[in-house]
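Colleague: I've just opened this one and would like a tour. Let's begin with how the pieces are labelled, then go wherever the questions lead.

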Amino acid sequence: MTEEFHRIRRLPPYVFAEVNKAKAAARAAGEDIVDLGMGNPDSAPPQHVIDKLRETVGNPRAHGYSVSRGIPGLRKAQAAYYARRFGVELDPETEIIATLGSKEGLANLASAITSPGDTILVPNPSYPIHQFGFIIAGASVRSIPAEPGEAMLEALYRAVKHSVPKPTALIINFPSNPTAMQATEAFYRDIVAFARRENIWILSDLAYAEIYFGETPPPSILAVPGAKDIAVEFTSMSKTYSMAGWRIGFAAGNKRLIQALTRIKSYLDYGAFTPVQVAAVAALNGPQDYIEEMRALYKGRRDVLINGLHAAGWNVPSPESSMFAWAPIPEKFAHLGSVEFSKMLLKEAKVAVAPGIGFGEQGDNFVRIGLVENTHRLRQAIRSIKAFLNHHNAGVVPSASPFDQ
């Protein structure tokens, strides 16, 4: 009875655990850690949304079981969002389901559509649930490049030609977590044409649709003609309205995929707490100036962080979207890998970041830095990082990672 359970055996050790353990130990010792490691919004949701939650909680009838696919008003509100934001018409009865965040929806859809041994195409690096949702369901994952463009398309063609069995699904995520890359509608047209020709499902993660800093909003793959034949898209209230802990998201698109997810969820949950769903309706249907404010907030933080790191000698590309910077490890520390570098940054600079290898092996030369602290704390982190870099550039050579031995 000591052998590990089969599905648990398929999961590697949680690579963020070492940094999280060190972070907890530092805080227990009274150290002030600037935590830029987790994508956890630090702002409150819009006030009218909080007020609606309070109002609805006071209704005795709101405390019973809800429905796993979401109350009708919430699905209608999401359909209205897609119509005004992307010009996409969706049937709230058959083409939308509410989920407990996009993460839960992705994992349960993976379980619904996967047979043991299926091949799934997943960008590397990518948000962990994109591959591990399918691994838990019994699939094998084939990595493809994470950047939208010719390299990804060529990898898709090779995968269809050389994978046994032929791939059944493709995950895409733009704006990307962790890389912050965006895709164009032209790229989506190529992806849709490929998937329709090869009979491959597309699962698009659009959780960061509203956090962008340029003039062009990120598009939806569902805006491409014919996309609903093979695609479903996941969105979330978490980042758009700072409602991460409320656990409200959506899947929208292909009726067959929505039906499959609906059936799986009907066995597993009764949906989110009804007052949370009612408040989410208020967020989607109410004033949208909050989104502009959040976008400006993250843009300001991005500029402070990137300009400060450049001045400190760390050349980090400026993200065009999302709430993260995808930072190449400075050359002097590259041999350490992302876990050891993250631990060193935590120990010496008192700044926590996410090691890139947690998003796939192609991420091990990077760390992910979240825009999740105010500008005062970001400047504090920059000063500490600058002192850390200056100290090591003065001639102190960091010790090698134990993996280099």
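Modeller: Happy to! Helices are DSSP runs of H or I with at least four residues, strands are runs of E with at least two, and both are numbered from the N terminus. With those labels, Pro175 falls in the loop between β5 (169-173) and α8 (185-198). Keep in mind that this is a predicted model.

Colleague: Noted. What kind of peptide bond joins Phe174 and Pro175?

Modeller: A cis one, with omega at about -5°. Asn124 and Pro125 are also joined by a cis peptide bond, where omega is about 10°. Pro125 is in the loop between β3 (119-124) and α6 (128-136).

Colleague: Let's talk sheets. In what order do the seven strands of the open sheet come?

Modeller: β2-β8-β7-β6-β5-β3-β4, with mixed pairing. β2 (96-99) and β4 (140-145) are the edge strands, each with a single partner, so one side of each has no neighbour in the sheet. From one strand to the next, the twist averages 20°.

Colleague: How many of the residues of β8 are buried?

Modeller: Five of its five, so I'd call β8 mostly covered. That holds for both faces: Gly249, Ala251 and Gly253 are buried on one side, and Phe250 and Ala252 on the other.

Colleague: Which helix lies across β2, β7 and β8?

Modeller: That's α4 (residues 72-86), running at about 115° to β2.

Colleague: Nice. Now the other sheet: in what order do the three strands come?

Modeller: β9-β12-β11, an open sheet with antiparallel pairing. The edges are β9 (324-328) and β11 (354-355); each has a single partner strand, so one side of each is left without a neighbour in the sheet. Five bridges join β9 to β12 (residues 366-370), and Ala325 stands opposite Ile369 in β12.

Colleague: What lies over the face of Phe324?

Modeller: Arg368, at 3.9 Å from the ring centre.

Colleague: Since we're on rings, how many aromatic pairs are there in the whole structure?

Modeller: The search finds 14. Take Phe187 and Tyr188: their ring centres are 6.3 Å apart and their planes are at 45°, so that pair is tilted. Both of those residues are buried. Phe333 and Phe388 make a stacked pair instead, 5.2 Å centre to centre with 20° between the planes.

Colleague: Where do Phe333 and Phe388 sit in the chain?

Modeller: In distant parts, 55 residues apart: Phe333 is in the loop between β9 and α12 (337-349), while Phe388 is in helix α13 (residues 375-393). Phe333 and Phe388 are both buried. Ring pairs also link them with Trp314 and Phe341 into a cluster.

Colleague: Last topic, then. At what angle do the axes of α12 and α13 cross?

Modeller: Roughly 105°, and the axes come within 9 Å. That makes α12 roughly perpendicular to α13. On the α12 side the contact is made by Phe341, Met344, Leu345, Glu348 and Ala349, and on the α13 side by Ser384, Ile385, Phe388, His391 and His392.

Colleague: Great, thanks for the tour!

Notes
Residues are numbered from 1 along each chain as its sequence is written. This is a predicted model: local features need pLDDT of at least 70, side-chain atom pairs count only at pLDDT 80 or more; totals for chains, interfaces and linings use all residues. Side-chain values use heavy atoms; hydrogens and water are left out. Two strands pair if DSSP finds at least two bridges between them. Rings of Phe, Tyr and Trp (its six-membered ring) pair if their centres lie within 6.5 Å; planes under 30 degrees apart count as stacked, over 60 as edge-to-face and the rest as tilted. Buried means under 20% relative accessible area, exposed over 50%, partly exposed in between (1.4 Å probe, protein chains only). A charge sits over a ring if NZ of Lys or CZ of Arg is within 6 Å of the ring centre and within 35 degrees of the ring normal. Axes are lines fitted to C-alpha atoms, for helices over the stretch in contact, and angles run from 0 to 180 degrees between N-to-C directions. Angles under 35 degrees count as roughly parallel, over 145 as roughly antiparallel, 65 to 115 as roughly perpendicular and the rest as oblique. Contact means heavy atoms within 4.5 Å.
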